[in-house]
Amino acid sequence: MRLDVNCDMGEGFGNWRIADDAALLPLVTTANLACGFHAGDPLIMMETVAAARAAGVAVGAHPGLPDLAGFGRRVMALSAAELHACFAYQIGALQAFLRLHDMPLNHVKPHGAMFHVLREPAMAEAALDAIAGAAPGAAVYWLAGEVFAERARARGFRVVTEAYPDLDYAEDGMLLVERQKRAVAPALVEARITEILTRGTLTARGSAVLPMAVESVCIHSDGPNVLEVLAAVRRAAAACGTALACATSRK
């Protein structure tokens, strides 16, 4: 068995940094880089790509809504054309830095409130049109069963399904996205990873057991105790005899 551990990175702006990406990179297999709309700037993007290459970590685009003040976690009313342009713009920006460091764009994973926006079929198609045109061959990371993932699979994209062990799920399977990330108990994360790897499920609030047969788990770098959380993920994977590797790697 293998497990991909992806992490949202490059989420600073100017002199402000939200996480110690250099400390996180050796603990993950895949990095989702902010592309300037919800966080990130040209220098941060360039430096994070270089650090990811040195650490042997795959890099994907993490396009967000144009909402620096709200960290991309506020739903915005965009047209399908505006959303298409937002995806193309951000993917293109990251690709420039990847080319400078001779790295491929591994995947595209939408950020934050995109979770709600992309539930609208027309918006999902607009985003996928942008990805297909700007990054042909790139995989898509997303939640299984959601409109965006299903439309992507129908169009022939490589879809990597993921779970969020550092967030809560409602009983109906809805992901409970936090405006500001709170600390999560490492023991809880370790238990969730163990459940995912051994049973293919995740126990949500109210004791509902959700199917969670996924290839990847996402850890948010803005968590106050993210290093402890990643250590818990790695402990659980080791205890289950599961190797850590990027989901799209052929090694």
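First entry: this is a predicted model. I started with the pairing of strand E1 and strand E11, which covers residues 216–220; the two run parallel and are joined by five bridges.

Next I checked E2, residues 30–34. Four bridges tie E1 to E2, and these two run parallel as well. Here I found asparagine 6 standing opposite threonine 30 of E2.

Then came E12, made up of residues 243–244. I counted two bridges between E1 and E12, again running parallel. Arginine 2 is bridged to alanine 243 in E12.

Is E1 itself mostly covered or mostly open? I looked along residues 2–9, and E1 is mostly covered, with seven of its eight residues buried.

On to the core. Which residues have the most contacts inside the largest nonpolar core? That core has 76 residues, and the list I got is Leu83, Phe87, Leu94, Leu105, Ile131, Phe148 and Tyr169.

I followed up on leucine 105. Setting aside neighbours within four places in sequence, I found leucine 105 in contact with several residues, including Val59, Gly60, Ala61, Ile91 and Leu94. Ala135 and Ala138 are also among the contacts of leucine 105.

Last entry: there is a second, separate core of five residues, and Ala58, Val160, Cys246 and Ala247 are among them.

How values were computed:
Residues numbered from 1 in each chain as written. Predicted model: local features only at pLDDT ≥ 70, side-chain atom pairs only at ≥ 80, totals over all residues. Heavy atoms only, no water. Buried < 20%, exposed > 50% of the residue type's maximum accessible area, 1.4 Å probe, protein only. Pairing = 2+ DSSP bridges. Core = buried A, V, L, I, M, F, W, Y, C linked by side-chain atoms within 4.5 Å. Contact = heavy atoms within 4.5 Å.
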